[in-house]
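Visitor: I would like a close look at a single part of this protein. Please keep it plain.

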Amino acid sequence: MNIEKSRKLFKKAQRLMPGGVSSPVRAFRAVGGEPLYIKKGQGSRMQDEDGNDFIDYCMSWGPLILGHADPDVIGAIRKAARFGTSFGTSSKHEVQLAKLITDRFPSIGMVRFVNSGTEAVMSAIRLARGYAGKEKIIKFDGCYHGHGDQMLVAAGSGLATFGTPDSAGVTAGAVRDTIVAPFNDIAALSEIIEKEHASIAAVIMEPIPCNYGLIMPKDGFIREVRALCDRYRVLLIMDEVITGLRLAPGGAQEYFGVKADITTLGKIIGGGLPVGAYGASRKIMERISPTGKVYQAGTLSGNPLAMTAGIHTLKKIEKIDAYQILNEKGRLFETLLKPTLDRYRGRVLFSRLESIFAFNFTSAASIDSLNAIRSCDMNAFAAFHRGMLERGIYLSPSGYEVGFLSTAHTEDDIAHTARAAADTLEQIFQ
Ligand code: KE4
């Protein structure tokens, strides 16, 4: 594959930007080789600067549920852009998107827009602490909640551990009040909450962890977390930056029938433009400035173009009944992969929840903990990623990340991908 233009751009970028990238995982360090510079996307496909075409399953890490450059979304952005890019004022667009979100999430009476999932999580944690008047936050190992200091905490081994920084530059003080509990271990969570609930403001979780592989919650785990939080009057923050609008209109909360006290959103609600949001009941959200004493602000929050992209994405999802389409495509993908997965059972594991999927190189029968993902062969994943790239399939460039189907992926795309996977695995395991 000729990647000369990407290579030249990467060389220049490395002199100008750390690692040559705007976000670490894009540097391809987890899979080897060099990052491709993408020139354009259309539907299920992306084309790089050297003219190489790919069927894309990274989908910008989740936002592009309708595929690249959806004509309705692009048309709406174009129209809105003629009126300007940002006013730094209120606009009808934020009111419209707020309505669409509160209509879909019964647990969200009011919502505040920010510009990324990280900002949404930072704000949600500050709100939880301000509302509860308590300081500690419990997170789960295996869950990622953006790069806010207090969430960059090393996962301890075994039972819950108090925060130790997981990044240079994060101070011990910043993570002093963050506790890391093992995911899928309700006994460990129960033990820490019973002991510390007087100082615990909230538990934060990805209902379906999608940042260390696709970690499946044990049956009833999400409900048990909810029940523990209710019993000890601890708020439950559900980080639905990935699952929100992905699993159902009301995200994992609708899908599993478990309500959050505070919800964080991002990705899909921006339709590919920078948007994050956090929401909760009116009683909780009214603590946010200017009605309350919990401060949070943002120059481009509620940006009219980003709001427009979100509005038209959510409207189109509903109009075309996207979930029926997406979940059907997910089932087709798994069906076409089955003969290959049977052949390499014990060496390759394919996990899927509706339109979210992951390939892991492991003998494990499921990925239900951080240890399970840690036992995976990431060198084998890197070889798989390279082989799929050579065959015109762009997977997320890390064995810790997941893949996404969009409504734009055709049956031919999916069949081609299944064949490419079979050929690549044969090449790896020959
Ligand atoms: P952003 O700040 O990247 O918009 O959102 C942070 C975030 C929060 N919560 C969850 C559950 C998330 O998955 C994310 C970000 N996801 C990663 C990919 N898995 C973003 C990709 C990247 O960091 O480059």
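Visitor: Across the interface of domain 1 and domain 2, how many residue pairs are in polar contact?

Guide: This is a predicted model, in which local features need pLDDT of at least 70 and side-chain atom pairs count only at pLDDT 80 or more, while totals for chains, interfaces and linings use all residues. Residues are numbered from 1 along each chain as its sequence is written, and side-chain values use heavy atoms, with hydrogens and water left out.

The rule finds 13 residue pairs in polar contact across the interface of domain 1 and domain 2, both residues at pLDDT 80 or more. A polar contact is a pair of N or O atoms within 3.5 Å; within protein, one must be able to donate a hydrogen and the other to accept it, and residues adjacent in sequence count only if both atoms are side-chain atoms.

The contact (heavy atoms within 4.5 Å) takes 31 residues from domain 1 and 34 residues from domain 2.

About 2,700 Å² is buried between the two domains, and carbon and sulfur atoms give 65% of that area. Buried area is the accessible area (1.4 Å probe) that two parts lose on being put together, summed over both. Y323, L353 and L370 supply 23% of what domain 1 buries against domain 2, more than any other three residues.
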